[in-house]
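Thank you all for coming; I would like to walk through one structure with you, beginning with a term we will need and then moving to particular places in the chain. Please have a look at it before I go on.

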Amino acid sequence: MTLEAVRISHLFIAIIWLGIQGYGDGINTDRKSLDGNNATTTKSSELQKDLVANTTKEDDYNGTLDAIKKSDDDELRLVKELFENYSQEVRPVKNKNAAIKVIFGIAYTQLVELDEKNQVLVSNVWIRQKWNNHLLRWNASHYGGIKSINVDPKMVWLPDIVLYNNANTGITSGNMDQFKTKVILSSDAKKIRHRIKRVKKSDTTCMLYDFIRYAPTILRSRCAIDIKFFPFDDQKCDLHFGSWTYDGLRVDLLNASNSVDLVSYMPSGEFEMVEAPVKRTIVKYSCCPEPYPNVIFTLHIRRKVLFYFNNLIVPCFLITAFALLTFVLPPNTGERVTLVITTLLAMTVFMLMIAENTPTTSDVTPLIGKFFVASMVEIGLALIATCFVLNIYEATGPSSEVPRWVRVLLIDILAPILRVTRPKEKPQRKFHGPSNQNIHSYSPIMPEHNGNNIEMDGSPRDVLVIAPKVGEKILTSRDFINSVNDNSIRHRVPSSQEKLLEGINVLTERAKEQEKEEEIKEEWESVAKVIDRFFLLLFIATVAISTALIFLQRPSYATM
């Protein structure tokens, strides 16, 4: 709506209002006396004054509106005239054989995630691009002093800088020209000092730029993970930027500084940012002979070990130590093998956790992987040693006496050194009984009749007697009677006392055999205890030495 239309609308509203008021006064005049004419004249005067006051206010409002409109017109006119004959497809250089210099930099704000399994780094960064466009310049004094404007990025030429090692999906992922943030245009080029780092010297040059573009984004980049010293590892991940279609003869990409801007960096709980240098390289690809300048931002990060130390290393070490308790338990408990197998299964679970969080590679074994494998081997050997000791303890019988060399080596030599109690020597018991080496004893069998022993027919019968042996022949009763007739031996009938002594002799022999079996069993138990103690000390030394040798390989910079 123009200014004239506004004025006409206000005037039309005032006329309508006056007409309504006059019509009412006319009606009142007809009904009232002539004196009403004076009142109508007074009201008309007041209405005229109000109209003059309203006109003054309207003029003030219109003046303010004109000022605002004039300011808006300046920016509108600037944009209209600035882009009237401009094409965003044209590379903004005066000499078309020259390269436009684009200053590229980033501010690293957050390390979101480092996916070791997929070898992907997720970063939150602010992209900063600056270049000079001589086709879009103006004199600020001709446009109300406007020195900068923000325009849509689709309206201007943009360098097609992409992230070469992009790991995100999508056709336009990794393109730095796809952001929808506004582009800042300046009326005149500003001078900045740009430091170019070369091999032998550093040159400082002044450059002009009037285009600035800032864009926050989250980048997913590929990062080769080195797990040799995991979890005491350092990682160096690159953010590799360059133009995709413009070679170095048309777009010269320069780094804004020699290091990444870390002023707004939010520290990570898993990694420590060591440094973030920036370097510019010139690359020639096999497809194209022209040079392509690239800017590489290297993020040197170091893993914080405390989490892995508390949740992986310490539990694994304790599980291995618990497995060694099998050599402390008595062999007759029956739970020694179960304890070792349970700890072995627990170590397997930890190995699976490590395998899920590390890249699938056969180039190198991580440090913590070596520790877990060594622990599992030691637990497996402890299981074999436990079975060996239990076999010694359970499988020996009274028929297998301890060999003399085993008794000397283990019981006499190692037992005092290993502080194992030797079996107590029991005093030899002496049993006195009838000598029966030349006696063959029988119980006499005599026929009974009414409680009296008599011979039925007077003929001698075989009776059980105690008679001597003659060589290997056992004398019968007939031989015994014949020998009596020959006066070679005297017939002797055994008494109850002699039978009692014979029973005692049998019990004595059994007691001797039981004592012998107990002595053999005690010796084998002592051998098992000595071997247990030896294996306990051996495995403690093995675990300590292997753990020290593995973790001494960690880099010197690795701390908790």
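Let me begin with a word that will come back several times: a residue counts as buried when its relative accessible area is under 20%, as exposed when that value is over 50%, and as partly exposed in between. Please also keep in mind that what you see is a predicted model.

With that cut-off in hand, we can turn to Cys223, which has a relative accessible area of 4% and is buried because that value is under 20%. Its partner is Cys237, since the two residues form a disulfide in which the sulfur atoms are 1.9 Å apart. This pair joins distant parts of the chain, with Cys223 in the loop between strand S6, residues 202-222, and strand S7, residues 234-243, while Cys237 sits in strand S7 itself, and the two are 14 residues apart. As for handedness, the torsion about the S-S bond of Cys223 and Cys237 is about -70°, and the disulfide is therefore left-handed. Cys237 is buried as well, at 1% relative accessibility. How many disulfides does the count come to? The count comes to 1 disulfide. Another cysteine, Cys387, has a relative accessibility of 39% and so counts as partly exposed.

Now let me step back to the chain as a whole. It has 560 residues, of which 34% count as buried, and its secondary structure comes to 8 helices and 16 strands. If we take contacts between residues at least 6 apart in sequence, 75% of them join residues that are at least 24 apart. The accessible surface of the chain comes to about 35100 Å², with 56% of that belonging to carbon and sulfur atoms.

Two further places deserve a moment. On the surface, Phe317, Leu318, Phe322, Leu325 and Val328 form a nonpolar patch, and together they have about 450 Å² of accessible area. Phe322, one of these residues, lies in helix H3, which covers residues 306-323, and with a relative accessible area of 45% Phe322 is partly exposed.

My last stop is Asp252, in strand S8, residues 251-255. Is Asp252 buried or exposed? At 13% relative accessibility, Asp252 counts as buried. And which residues is Asp252 in contact with, leaving aside its neighbours within four places in sequence? They are Ala99, Ile100, Lys101, Val102, Arg280 and Pro293.

Technical notes: Residues numbered from 1 in each chain as written. Predicted model: local features only at pLDDT ≥ 70, side-chain atom pairs only at ≥ 80, totals over all residues. Heavy atoms only, no water. Helix = DSSP H or I, 4+ residues; strand = E, 2+ residues; numbered from the N terminus. Buried < 20%, exposed > 50% of the residue type's maximum accessible area, 1.4 Å probe, protein only. Contact = heavy atoms within 4.5 Å. Areas by Shrake-Rupley, 256 points an atom, 1.4 Å probe, with all protein chains shown as cover. Patch = residues over 30% accessible without salt bridge, like charges linked within 9 Å, V, L, I, M, F, W, Y side chains within 5 Å. Salt bridge = Lys/Arg side-chain N within 4 Å of Asp/Glu carboxyl O. Disulfide = S-S within 2.5 Å.
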